[in-house]
Amino acid sequence: RSDKSGGNNWFKLEMNIRKKAGIKLRPEVNRIIFVRNLPFKITADELYDIFGKYGPIRQIRKGVSGKTRGTAFVVYEDIYDAKNAVDHLSGFNVAGKYLT
């Protein structure tokens, strides 16, 4: 995974340059990520392991009722970390399911 961390450093550098230059991200970019298609039995610790690789997480809220099972809200401290996570984890395979 060293290639991801190198890419992550490059991404952070680019985002810092954009931030300093006053270049804004698209309006749909947010520090809150809605994740679908999670395995029903995934634990909070597993979610923190997967999503925490991209930056500090403020909160994860996992769906528990019939309609919300398999979903979660992941709230990052920083909008740029959230964007990086979306870019890297969209389509990521977790226990045979692809995150959307």
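Let us start with a pair of strands: S1 and S3 run antiparallel to each other and are joined by four bridges. One of the residue pairs you can look up here is Ile 33, whose bridge partner in S3 is Val 74. Keep in mind as you look around that this is a predicted model.

Helix H2, made of residues 44-51, packs on the sheet to which these strands belong and touches S1, S2 and S3. The direction of H2 makes an angle of about 135° with that of S2.

Now for the sheet itself. It is open and built from three strands in the order S1-S3-S2, with antiparallel pairing. S1 (32-35) and S2 are the edge strands, and each has a single partner strand, so one side of each is left without a neighbour in the sheet. From one strand to the next, the twist averages 15°.

If we take the contacts with a separation of 6 or more, 64% of them are between residues 24 or more positions apart. The protein has 100 residues, of which 33% count as buried. Its accessible surface comes to about 6600 Å², and carbon and sulfur atoms account for 54% of that area.

Two residues are worth a visit at the level of side chains. Thr 71 sits in the loop that links strand S2 (57-62) to strand S3 (72-76). Is Thr 71 buried or exposed? Its relative accessibility is 14%, and because buried means under 20%, Thr 71 counts as buried. What does Thr 71 touch, leaving aside residues up to four places away in sequence? The list consists of Phe 34, Val 35, Arg 36, Leu 38, Arg 61, Lys 62 and Gly 63. The side chain of Thr 71 also reaches the backbone oxygen of Thr 68, at 2.5 Å.

The other stop is Lys 83, found in helix H3, which spans residues 79-89. Lys 83 has a relative accessibility of 16%, so this residue counts as buried too. Where does its side chain find a polar contact? The partner is the side chain of Asp 87, and the distance is 2.8 Å.

Conventions: Residues are numbered from 1 along each chain as its sequence is written. This is a predicted model: local features need pLDDT of at least 70, side-chain atom pairs count only at pLDDT 80 or more; totals for chains, interfaces and linings use all residues. Side-chain values use heavy atoms; hydrogens and water are left out. Helices (H or I, at least four residues) and strands (E, at least two) are DSSP runs, numbered from the N terminus. Buried means under 20% relative accessible area, exposed over 50%, partly exposed in between (1.4 Å probe, protein chains only). A polar contact is a pair of N or O atoms within 3.5 Å; within protein, one must be able to donate a hydrogen and the other to accept it, and residues adjacent in sequence count only if both atoms are side-chain atoms. Contact means heavy atoms within 4.5 Å. Two strands pair if DSSP finds at least two bridges between them. Axes are lines fitted to C-alpha atoms, for helices over the stretch in contact, and angles run from 0 to 180 degrees between N-to-C directions. Accessible areas come from the Shrake-Rupley method with a 1.4 Å probe; for residues, only the protein chains shown count as cover.
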